[in-house]
Amino acid sequence: MTGLARATALLEIGRADAARQEVLALLADDPHDVEALCLLARTHQAENGYGPMRDAAAQAVAADPEHADAHLLLAFALVGLHEPEPAQVSALEAVRLAPEDWRAQAALALAEFNRGHRLRAFRASERAVRLAPETAGPHHIRALLFDAIGWSAAAKRSYRRALAIDPENTAALTGLGRIALTGGRLPDAAGHISAVLAAAPTDHAARTVLDRLLIGALGGWGIMSLWVAGLIGPFSRQPQYAIVALALPALWVVWVIRTWRSLSPGTRSYARQLLRTDIRARARLFGIAFTAATATAMTVTGIMQDPDGPTSYALRIAIGAHLVALLASGGAALAVDRKVAGPPHPALYPTAAVPRQRADGAAPVEAPLTTDLLTEHRESSLVARWALWMVRNGALVAAVPWLLCIDPPSPWPARAIVAAVVLVLFLANAQWSRRRLIRRPGPPNALLGLMRVPLVLGAAAQLAVIVACGVLPPSLMPLPDFIGVPAFISIAGGLLLFGGWLPWVAFRAVARLFRAPAGR
């Protein structure tokens, strides 16, 4: 067996260090051996050493500029170092030299994605799938791109296709767990991640999703369920409101129990230790306790409030404390998450991870990520930005049917016609915002991602009031409080956002006019 074959065999069984020593011995005799330099780059790639990987791949390109694998490895290294422009150049060279190699198209897709050219990235990933439809790797890369822009259904299809081809592809199963987590299907996410960690206990990507599940999702949804229950609590004199106020925390408890049962025994042990020792978990537990206390105060003072009298000082204080509880809980969670995570990831979207290229050309797997709960919020900022545009622009049209339904309400035929027109405008705005988001997604923002749920609920409240205006009969007018009050909050907030956005747009336009002569 030659030295190169021995090094390849060592790399295949995970002994990257030993493989590197074999390769370095070969390079001592022939420093310009392109195959040895490419294998050296792969040994660094196996340990996520993208700096040394880039150096080795660059030496291989210098030794043989027409070697496709050398350009391919250099492209992957540059993507890993978050240098998308030179990565694109290397990927294009790999495509020129090996037009039938799906890995070259995959490298180009990742480089274009991190440059912000989403449509070009998807076209490249589609070409990779066409070149190797029965290989898991192209489907996994395509799933990563769909996942990064929030197209969960398309990402799930691609992940499942990758798993159908390669059932041991833990990266694809981790992706399904991440999608289930983002979609609120926490028991499904727990099952997927438990399966991954049973096969690969040290998988960093799976542990990141597990931490997000245990700390971010369960803790965050616990705070939100209690906070919304606190808003409904003061109306608990009426049985329907009391049922809803009690049902929200109860459903969260059921959710927690189902998720816990979906975890494997090993992940349960890890979860117990995490909840006891992790500062991020403690911050969520503090938020749950604080919000539960203020929600109870809101409910009690609301029940004691005289329905015909002015709002009591006790209820006003409880309302203020409840708002402070939400802000304090969110602020504390964000602060400790930033402390643990460190500086943000410099790539545009961390889910567009660099695939590890196996020496045999088999399906790549996602590069390890650190346990960073802010990753969830940065990724969620795409959906949050879409919901923000929906709330901001939708408030302009949703205000009309809301006004028609307050006391005294307008006649039903007029309400129905106005609601139909407004619904068309609202859905058109949703489609326009979605397309604009694909073309100009904007930078990831953890704070915006943290507001994803309230923003989505705000958009849903506007849609609900439009539909209710058109379909509710006169006997149910004016609008019931459970529709009218959330809609009012959402519309008022959207109008405030629009009022603050217009001066900012005007300021930027004027600033561009003043900068233009200097640019010429």
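**Exposure, Charge Pairs and Surface Patches**

Me: Is Glu22 buried, partly exposed or exposed?
Reply: The relative accessible area of Glu22 is 24%. Buried means under 20% relative accessible area and exposed over 50%, with partly exposed in between (1.4 Å probe, protein chains only). Glu22 is therefore partly exposed.

Me: On what kind of model do these values rest?
Reply: Residues are numbered from 1 along each chain as its sequence is written, and side-chain values use heavy atoms, with hydrogens and water left out. Local features need pLDDT of at least 70 and side-chain atom pairs count only at pLDDT 80 or more, whereas totals for chains, interfaces and linings use all residues, since this is a predicted model.

Me: How many helices and strands does the protein chain have?
Reply: Helices (H or I, at least four residues) and strands (E, at least two) are DSSP runs, numbered from the N terminus. The C-alpha atoms of the chain fill a box of roughly 95 × 60 × 45 Å along the principal axes. Its secondary structure comes to 22 helices and two strands.

Me: What share of the contacts with a separation of 6 or more joins residues 24 or more positions apart?
Reply: A contact means heavy atoms within 4.5 Å. Of the 520 residues in the chain, 48% are buried. Among the contacts with a separation of 6 or more, the share from residues 24 or more positions apart is 69%.

Me: Which residue pairs with Arg6 in a salt bridge?
Reply: Side chains of opposite charge can pair when their charged atoms come close. A salt bridge here is a side-chain nitrogen of Lys or Arg within 4 Å of a carboxyl oxygen of Asp or Glu. The closest N and O atoms are 3.5 Å apart in the salt bridge that Arg6 forms with Glu22.

Me: In which helix do Glu126 and Arg130 both lie?
Reply: The side chains of Glu126 and Arg130 meet in a salt bridge, 3.5 Å from N to O. Glu126 is partly exposed at 38%, while Arg130 is exposed at 54%. Four residues, about one turn, separate them, and both lie in helix 8.

Me: Are Arg280 and Asp278 buried or exposed?
Reply: These two residues form a salt bridge with an N to O distance of 2.9 Å. Arg280 has a relative accessible area of 4%, and Asp278 has 13%. Both values fall under the 20% limit, so Arg280 and Asp278 are buried.

Me: Which residues are linked with Arg42 in a network of salt bridges?
Reply: The total count of salt bridges is 17. Arg42 belongs to a network of such bridges, and the residues linked with it are Asp69, Asp101 and Arg103.

Me: Which helix gives the largest share of the positive surface patch?
Reply: Patches are made of residues with over 30% relative accessible area and no salt bridge, like charges being joined within 9 Å and nonpolar side chains (Val, Leu, Ile, Met, Phe, Trp, Tyr) within 5 Å. The positive patch is formed by Arg434, Arg435, Arg439, Arg440, Arg508 and Arg512. Two or more of these residues come from each of helix 19 (412-439) and helix 22 (481-519). The largest share, three residues, comes from helix 19.

Me: Where is Arg440 placed?
Reply: Arg440 is exposed, with a relative accessible area of 54%. Its place is in the loop between helix 19 and helix 20 (446-450).

Me: How far apart in space are the C-alpha atoms of His192 and Gly175?
Reply: His192 is found in helix 12 (residues 186-199) and is partly exposed at 24%. Not counting residues up to four places away in sequence, His192 touches Leu173, Leu176 and Gly177. His192 and Gly175 are 17 residues apart in sequence, and their C-alpha separation is 9.0 Å.

Conventions: Areas by Shrake-Rupley, 256 points an atom, 1.4 Å probe, with all protein chains shown as cover. Lys, Arg positive; Asp, Glu negative; His and termini not counted. Charge placed at Lys NZ, Arg CZ, Asp CG, Glu CD.
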